[in-house]
Every structure is written in C-alpha cells, then in structure tokens.
Amino acid sequence: MDRTESQDELYQKVAQEYAEALARMVWAYEADPDLRRDLSQEIHLALWRSLEKFNGRCSLRTWIYRVAHNVATSHIVRQARGKSLGTFLTLEEAESQAGIEDVEHSADRAQALSRLFALIQQLDLLDRQVMMAYLEGLDAESIAEITGLSAANVWSKIHRIKTMLVRRFHRGDRNAV
Amino acid sequence: MPCDELPDELPDDLKIPWKEAGMNGLVFSPDQLRAEAEKIKAKMRRLYLVVSFGFSSAVASYAFIIFTFHYFHIRNALMLVGSSLSVVGFGYLVIDALLKRSRALAHLGETDGLRFYRTELERKRDWIRGIAWRLPMVCVAAFVVDLGVTQELLKISAFLAGVGFSFGVFVLGLCAVWVPVRNSRMARKYQERIDALESAMTSAGRTDPKD
C-alpha cells in the first residue's frame, strides 16, 4: 500500500470517528454559519494533509485535536482585529461575570447548549481549548499534551471551568439542563 | 487522574447534551479534499501572479512616467531623488514580501496549542508592525516627489503650489504618523497577549518560551 493510500484510509477512519467532535469544536469556535463551513473544511483539509506526516510520537487523538485546534486558532487570529482579540475573556474574568446571566434556569437542552457555545466563544483561545477538551471527556494529561500547558495548570483551569459551569448552568438542580 | 474525579461538584448533565448535540459533522472524501487542495493551490498561484504583475507594472509605470517627465520636460532634482527612492522602496517591499512568503510555518500536528497560538500572535504582531514602519518609508519618498512638484507649480501659481503641498503633507501625516501610531497600539495589544502566554509557558516548566 503506498503512502497516499494509507493517508487516505487513515483520514477516512479518523473523519468517521471524530466528525462529531470536530463539528462541536467548529461550533464553539465560530458563530457565523458561513465561516463555520469554511473552518470545518479547513480543518479537514489540514487533517488529511497532516496525516501524511503522522509519526506516532504522540497518540493519534492528540494529533487530531492539535491540528484542529491550531487551524481554528489560526482562523480566529486571522478574523480578529486587535480590538476584538482584546475582548476575549480569561477564565477568571468569565468566572467573575457568572452572576450576571445565571438568574434563570436553562429551560431545555438546546438553550443550555447555545448558552454554552456562546460562553465558550467569549473565552480566550487556550481556555477554549481546555474547556472543549474537558467537555469531550479528555483527562488532564491529554489536555496538557494538546495545549502545551502543565498538567497542574490544566487542573486549575478545569477546576475554574467546573465552578463556572456549576454556577451558570447547575444551580443545585441536576435536571435543570 | 480523570477530570471527573476532581473534588468539586461537576455538571455532568452538561457533558451529556454536549456530546449528544446533534452536530452534523461534515465528512469529506479524500478525493474531495485533494481537489480542494489543488483548487487552493491554483488560486494562490493566480493571486500571486496577478499581485506581482500588478505591483511590478505599477512601479515600472511610475518610474517610467517620472523619469520621462524629468528628462524631457522638467529638470527637478527633488522629483528625481524622490522617484528613485520610491522605486528602491517598492523594490525592497517586493523582495521582503517574497522572502516572508517562503518562510515555513509550524507543523500543525507537532505543535501544541500554546506554542502555536504564540507563533500566530507573533506573526500578526509583526505584520502590523511591518506596515507601521514600511509605509512611512515609501510615503517619505513620495513626499519628496511632491515637494518637487510643488516647486514646479510655484512657477505657475502659488495657490496650486499650496494645494499640492497641503496634499503631500496630508498624505505624509496619514501614512507616517496616523497609521504607525494606530498600528503600534494594535501591536501592543498582541504583545500583551504574547507576554501572558509566555508566563503560562514559564509556569508550564518551559525555560525557553520558544521551546
């Protein structure tokens, strides 16, 4: 089997397995539907191209998330003007604003999800990466490998994310979402 | 330790809808992606040709007009010096752009998010800073040409010379003062983000931020 063939096969396998996770990621990075389609295509193209160079030095999952997040980062930095880049919130800032909109319960899942996406889109890029990886169910070590943060740093960010999510969405009622 | 075991209350009910969110994940076939890659490559090649041809033609026409004008009609030293400087300035910009174009990008799969984000911010910062100091270089040369034109207009009408000079000052102010000041401010914002990332890298145990 030649290299192109194995690259194609690997891509097909990866695309099937991670299609939904990548779609969620694209939604969380880009609010505009047209740009979302472009970003999605850009990610898949980069992923397909990159698989030719996949060397197994990290897990395939780490590789995929790195490629996807990096393409999205590039997209956001390209789209952002200096001003809008400055409006991204750190987790600390987002946490301190938590009281503003958590007065009402989320009536249904769709509403909760759209609020969740809106919340993620406000965050600074690294915090977004940690939050999305956390929601995807990755452990702290994997998140550290993807983001380049230390595991301790990831843990502290996850702790903040959890606190913020509990405050904004949980409100002591597990059936609220 | 998995994230779920961290000792605080966890909104698991959010993770479930997140995972169950009915996202229609786009899946492309390798052939579609290959065709798209070819399309992008062809588009970039075309854009590059159009831009370089357009730019070179503009510089050549500018040089031709100014030099012809100088040798056959008006023998003004300022116009000659200014136009020579403009051509040198434009030439430098073209070479600089070509060198930048060939710079290799960080590999997506081998670069972690922190390092990649930093590189992207640096690229954007350098681009903004680059405009801030390259634009005045060309504008000053064009202003010297404008001074030459003003000198010649003065022989015809003081009013026209005044208009020509004011226009030159306005353009010079715009390109050599307003744009650099605005861009420096924007570049500073990017620098602040980069500094924040550097401190995150240090806390991640990296001695060299570029490591």
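Predicted model: local features only at pLDDT ≥ 70, side-chain atom pairs only at ≥ 80, totals over all residues.
## Chain A from end to end

How much of chain A is buried? Of its 177 residues, 45% count as buried. Now take the contacts in chain A with a separation of 6 or more: residues 24 or more positions apart account for 67% of them.

For chain A, the mean pLDDT is 79, and 76% of the residues reach 70 or more. Which element of the chain comes out highest, and which lowest? Helix α3 (residues 60–79) of chain A has the highest mean pLDDT, at 92, while helix α6 (residues 98–101) of chain A has the lowest, at 47.

Around there, residues 99–106 of chain A have a pLDDT below 50, and this stretch has 11 contacts in the model beyond near neighbours in sequence. Another stretch to read with care is residues 171–177 of chain A, where pLDDT stays under 50. The model has 15 contacts for residues 171–177, counting beyond four places in sequence.

Chain A is divided into domain 1 (1–87) and domain 2 (89–177). Where the two meet, the contact takes 12 residues from domain 1 of chain A and 12 residues from domain 2 of chain A.

Let's look at the domain 1 side of that contact. The elements giving two or more residues to it are α1 and α3 of chain A. Which one gives the most? That would be α3(A), with six residues. Sorted by type, the residues on this side of domain 1 of chain A are eight nonpolar, three polar and one charged.

## The nonpolar core

The largest nonpolar core has 65 residues. Those with the most contacts inside this core are M25(A), L47(A), A68(A), V130(A), Y134(A) and I143(A). Helix α1 (residues 3–29) of chain A supplies the largest share of the core, with 12 residues. Both domains of chain A take part: at least three residues come from each of domain 1 (1–87) and domain 2 (89–177).

Leaving out residues up to four places away in sequence, A68(A) touches L22(A), M25(A), I43(A) and L47(A). There is also a second, separate core of eight residues, which includes M79(B), V144(B), V145(B) and V149(B).

## A closer look at L123(A)

L123(A) sits in the loop between α7 (109–122) and α8 (125–135) of chain A. Is this residue buried or exposed? L123(A) counts as buried because it has 22 C-beta neighbours inside 10 Å, and the cut-off for buried is 20 or more.

For a sense of scale, compare L123(A) with E145(A): they are 22 residues apart in sequence and 20 Å apart in space, C-alpha to C-alpha.

## Over to chain B

Chain B has five helices and zero strands. Of its 211 residues, 21% are buried. Among contacts in chain B between residues at least 6 apart in sequence, 76% join residues at least 24 apart.

One element to find on screen is helix α2 (residues 30–72) of chain B, which has 43 residues. From its first C-alpha to its last, α2(B) reaches 62 Å, close to the 63 Å expected at 1.5 Å a residue. How many of the residues in α2(B) are buried? The count is one out of 43, so this helix is hardly covered.

How values were computed: Residues numbered from 1 in each chain as written. Chains lettered and ligands numbered in written order. Core = buried A, V, L, I, M, F, W, Y, C linked by C-beta atoms within 7 Å. Buried ≥ 20, exposed ≤ 12 C-beta atoms within 10 Å, placed from the backbone. Helix = DSSP H or I, 4+ residues; strand = E, 2+ residues; numbered from the N terminus. Domains from an automatic or database assignment. Contact = placed C-beta atoms within 7 Å. pLDDT = per-residue confidence, 0-100. Expected span 1.5 Å × (residues − 1). Nonpolar A, V, L, I, M, F, W, Y, C, P; charged D, E, K, R; others polar.
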